Amino acid sequence: MVGRKRAPNFTAEQRPLVYRAWQQYERAKGSRRGWDRADLAAHLYRQLVGGGYRGVAFDAIYRDEVQDFTQVGGV
């Protein structure tokens, strides 16, 4: 059963295939020392939470289209 706010994008049979494709993508990205927007969001979060930001001082952050980032869980 899919939650009320979650779209059933893939069937139960397709999910393992999608997950394997994601794993391949992550391996390929890692072997090229690449990054994507989810990596950027995770990095920024870790820096801000950990107090390791050493850039220009700022008073506020505005965000738009935050739904374009995948969930950055487990960071």
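Guide: What follows is a conversation about labels and the cut-offs behind them.

Guide: This is a predicted model, in which local features need pLDDT of at least 70 and side-chain atom pairs count only at pLDDT 80 or more, whereas totals for chains, interfaces and linings use all residues. Residues are numbered from 1 along each chain as its sequence is written, and side-chain values use heavy atoms, with hydrogens and water left out.

Visitor: How many helices and strands does the protein have?

Guide: The protein has two helices and zero strands, where helices (H or I, at least four residues) and strands (E, at least two) are DSSP runs numbered from the N terminus. Helix α1 covers residues 15-31, and helix α2 covers residues 37-50.

Visitor: How do you know that the span of α2 agrees with its 14 residues?

Guide: The expected span is 1.5 Å times one less than the number of residues. For the 14 residues of α2 this should give 20 Å, and because the end C-alpha atoms are 20 Å apart, the span agrees.

Visitor: Why is D36 called buried?

Guide: Buried means under 20% relative accessible area, exposed means over 50%, and partly exposed is in between (1.4 Å probe, protein chains only). D36 has 18% relative accessibility, so it counts as buried. Of the 75 residues of the protein, 5% count as buried.

Visitor: What makes D36 a cap of α2?

Guide: D36 lies in the loop between α1 and α2, and it caps the N-terminal end of α2 with a side-chain oxygen 3.2 Å from the backbone nitrogen of A38. After α2 comes G51, whose phi is positive, near 75°.

Visitor: Which residues is D36 in contact with, leaving aside its neighbours within four places in sequence?

Guide: With contact meaning heavy atoms within 4.5 Å, D36 is in contact with Y25, E26 and K29.

Visitor: Is K29 buried or exposed?

Guide: K29 is buried, because its relative accessible area is 10%. E26, with a relative accessible area of 26%, is therefore partly exposed, and D39 is partly exposed because its value is 27%.

Visitor: Which residues form the nonpolar patch on the surface?

Guide: The patch is formed by W35, L40, L44, L48, Y53, V56, F58 and I61, with about 850 Å² of accessible area together. Patch residues need over 30% relative accessible area and no salt bridge, with like charges joined within 9 Å and nonpolar side chains (Val, Leu, Ile, Met, Phe, Trp, Tyr) within 5 Å. L40 has 34% relative accessibility, so it counts as partly exposed.

Key
Accessible areas come from the Shrake-Rupley method with a 1.4 Å probe; for residues, only the protein chains shown count as cover. A salt bridge is a side-chain nitrogen of Lys or Arg within 4 Å of a carboxyl oxygen of Asp or Glu. A polar contact is a pair of N or O atoms within 3.5 Å; within protein, one must be able to donate a hydrogen and the other to accept it, and residues adjacent in sequence count only if both atoms are side-chain atoms.
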